[in-house]
Amino acid sequence: MSPLHPSGEGSPQMRDLVRESWKRSLAALTSSAGRPPPVMWESRELNDFRRDHPLAAIMPVITKLLIEPSHNTGLLVAVGDEHGRLLWVEGDSPARRNGENINFATGADWSETVVGTSAPGTALVLGQSVQIVGQEHFNPDVHSWSCTAVPVHDPDSGSLLGVVDITGGPDAVGANTLSLVQATVAAAEAQLRIHRLERRASNAGERGSSRSAGRRGQTAATTKPLYRDSLQLLGRDQGLLHVAGKAVTLSERHTEILAVLALYPHGLSAEELTEKIYPDGTSLTSIRAELVRLRKLLLTVAPTLVPASRPYRLPRPLVVDAEQVSNYLDRGAHRLALNIYRGAVMPRSIAPEIEAIRNRVAVQLREAILNDASPEVLLTYLQLPEVANDVDAWRTALRLLPPRSPKRSAIVAHVQALEREPLEH
């Protein structure tokens, strides 16, 4: 048991930085007993995303100054994007295997809103260097680890590009570790500035030799997306929009509208959008007023996503996490689907289309897990609150587990309790 109270109260030994992070973590997660951090990408998708991300240009510096010296030290070096999703995790084989036990691995989401207090996620929230020691981590599964993280800033705009982290035992927060990571990040930001100057010079030379070809090349370079815009609906009443390196919490209604538009890329009329958002015969004035407010918000925080009209549609693709779950299930990637699934789609929403999505994804996930998943994946599925009273799912686990599995006794007790429940009422 951690000596730190979840609220941070009555814990004088808790640093102020950690106390505030725990409060944010509780607001987002309600409990410190969380599931493993979800994996956001399969290998091919991760490779594509890494190749296009600005952090790719600084990896040679990170490799030379941190990754190569880390071999045989038991330390892991991680580089995450601006949302706390780990793009690179390097270290010697034993360290990487140990990291995989807590899903500290490439493609996993270690943002503060997902795993609670940790150096990478908290450093991104604060925009400053952070060291988290052992039981200061919000998730009890990470209490045997310590970590040092330093955010990486864009040398031109100053915006956050990502984070560099060292994770391991006590050496990960040693006296010289923070200075080492800070110096590495400073060198990496300088290298990124040099890389951009060289690229601009190269583009200028191309324009000089062939003006029209140069214009085409410049247009391609400037319009190629560096970020994967996404909208998180699972287990949330208010959507979390990730766009152009920023995370924005939306109102329930704006989340519903943006989600529906994302799922209908060819567009919807005002009448069609009204039917999908409002549960009864609401006038078209309501949806038009909400769209005016949504456009005004997006012009400020995400101008590349401002909806067009006639029909209403988004100007570019927006990945919806609920659809990611469906896509993974269609491909038989049950573990990845379950890692992304953080609960029902907007559980309090009564918008007809959101209710349909919620039911479709939940049913698809249940059928796939119960019919095809491994016992390990099924046991993870049983941890979801919505499955607590699903007696058929718990009975399926009993059928799949080996007779001598130590996990059977707890499942038998739960099944018996579920079967007695109707008699007790």
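Is Phe104 buried or exposed? I found that Phe104 counts as buried, at 3% relative accessibility; buried means under 20% relative accessible area, exposed over 50%, and partly exposed in between, with a 1.4 Å probe and protein chains only.

I note that this is a predicted model, in which local features need pLDDT of at least 70, side-chain atom pairs count only at pLDDT 80 or more, and totals for chains, interfaces and linings use all residues. Residues are numbered from 1 along each chain as its sequence is written, and side-chain values use heavy atoms, with hydrogens and water left out.

**Aromatic pairs**

I searched the whole structure and found two aromatic pairs. Rings of Phe, Tyr and Trp (its six-membered ring) pair if their centres lie within 6.5 Å; planes under 30 degrees apart count as stacked, over 60 as edge-to-face and the rest as tilted. The rings of Trp22 and Phe138 have centres 5.2 Å apart and planes at 80 degrees, so this pair is edge-to-face. I recorded that both Trp22 and Phe138 are buried. For Phe104 and Trp110, the ring centres are 5.1 Å apart and the planes at 75 degrees, so this pair is edge-to-face. Trp110 is buried, with a relative accessible area of 3%.

**Glu256**

I looked up Glu256 and found it buried, with a relative accessible area of 1%. Leaving aside neighbours within four places in sequence, Glu256 is in contact (heavy atoms within 4.5 Å) with Ile277, Met346, Ser349, Ala351 and Ile354. Glu256 and Ala351 are 95 residues apart in sequence, and their C-alpha atoms are 7.3 Å apart in space.
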